[in-house]
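Please take me through this model in the viewer, one selection at a time. I would like to know what to select at each stop and what is found there.

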Amino acid sequence: MVSASEFFPLGVATGRAHCNRAQERDELAGNVREGVHTWLWARRRIGKTSLIEQVLRDVEPDIVTTRLDLLVVHDANAFETRLRAAVEQAGSRLAPRKRSSASILTSAFSALKPELSFGAFGLRLKLAAPNQAGEGIVEMLLALDAAAGAYGRRVAFVLDEFQQLSELQNGAPRSLEGAVRHAVERARNVTYVFAGSRKHLLASMFEDEDRPLYRLCRKMTLKRISAEDYRDFLRRAGRTRWRRQVPAEAIDGVLALTHRHPHYVNALCAPLWRAEAPPTADDVAAMWAKLVAEEGGVAAGRIARLAPSQRALLRAIAAAEDGVPHPTSHAFLGRLRLPASTGVRARDALERDDLIQQQADGRWTLVDPAMAAWLRRL
């Protein structure tokens, strides 16, 4: 029997758990293969990492892949250390396992004092750490590009949560961005994908003409999976699990309650798919209520850190299940006893922190459907 986690993992969703994204997969994989550097933005837990991991699987083994997560990077030293490890990994995977081919790698990385070792898992490349954190970044990336060219290979280099580079503690972000640009714009055999979840920071890096990375890459924005794609996926998952259809009203309930948020679709469906029979609409509603209660502690902690005006506006927007068209209007703010200027600042802060979003029709809603449902209970 297929386990529920195979279709609805709470972590990265690849393989049979990856729901559609056919257009996005084709676009990103095409960019990687054709050497088109890309910056990809998506909200937290909306499926960015799953898309990237699936695309890396799609292009392997023809393309050597490496991924660097910058979420925990706090200064230039940490960035350089993690970048060096990613370059070492990619370089090691470029070379065939034969010792005779290692000289190409040694030559490409000669300025970085490479050390090569051979073990049960093949070749391992080790590069010397520079005296200063900012030194060697350009050399490392250009050396990787040269090595890939010498082996006749392409490398896909993913830098996830790349916006962290703009908030490093030691005040060197612009110089590091400049070093990255110097290497990326000269790359011939390495394709770079810069991904992130904080839109205003990432957009500033790539769309501000005063920043080093301005117009360096093609932009991709990852949106929520369409309702029809999700319906097809859930029908297929139901037939695989029970050999019969999941009731349409149950599927519609899943999509309506979660607002097609991938994390919550998986969190809701995983326990439902462990049952002996397909879920009914009542089963979906009951499980959602349980999930919202469980998520309440997380929501409470995040809301407690907000300013009072932000908490008031967030709760008022959550109270309107269909969204609020004008959350900074005098009428709306008057009911909250908030001045117009305070309301505008609160809205901007909530949007910047990825707590609220403006829909295509202009309505403002919460990004997190479980947080919205929990707030409506208060």
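Select R243 to begin; the model is predicted, and R243 is exposed, with a relative accessible area of 75%. Exposed here means over 50%, so R243 falls in that class at 75%. Its place is the loop that runs between α9 (227–242) and α10 (248–258). Look at the backbone as well: phi of R243 is near 65 degrees, a positive value in a residue that is not glycine.

Next, select D354. Phi of D354 is also positive, near 65 degrees, and this residue too is other than glycine. D354 sits in the loop between α15 (340–352) and β8 (356–358). Is D354 buried or exposed? With a relative accessibility of 9%, D354 counts as buried, because the cut-off for buried is under 20%.

Move to P61, in the loop between α3 (48–59) and β2 (63–69). Select E60 together with P61 and check the bond that joins them: the peptide bond from E60 to P61 is cis, and its omega is near 0 degrees.

The next stops are pockets. Rolling a probe the size of a water molecule over the atoms shows where empty space is left.

For the largest pocket, select K223, R224, R260, Q357 and Q359, which lie nearest its centre among the 23 residues of the lining. The space in this pocket is about 590 Å³. Now colour the secondary structure elements around it. α10, β8 and β9 (364–366) each give the lining at least two residues, and the largest share, 3 residues, comes from α10. Coloured by class, the lining of the largest pocket shows 9 charged, 8 nonpolar and 6 polar residues.

The second largest pocket holds about 500 Å³ of space. Select G11, R45, I46, G47 and S50 to find its middle: of the 26 residues lining this pocket, these are the closest to the centre. Which elements each supply at least two residues of the lining of the second largest pocket? They are α3, α9 and α11 (262–272). Colour this lining by class too, and the second largest pocket shows 12 nonpolar, 8 polar and 6 charged residues.

To finish, show two of the elements again.

Definitions and conventions: Residues numbered from 1 in each chain as written. Predicted model: local features only at pLDDT ≥ 70, side-chain atom pairs only at ≥ 80, totals over all residues. Heavy atoms only, no water. Helix = DSSP H or I, 4+ residues; strand = E, 2+ residues; numbered from the N terminus. Buried < 20%, exposed > 50% of the residue type's maximum accessible area, 1.4 Å probe, protein only. 1 Å grid on protein atoms, 1.4 Å probe; cavity = no way out; pocket = protein on both sides within 12 Å on 5 of 7 lines; lining within 4 Å. Points joined across faces, edges and corners; volume = space filled by probe spheres on them. Nonpolar A, V, L, I, M, F, W, Y, C, P; charged D, E, K, R; others polar.
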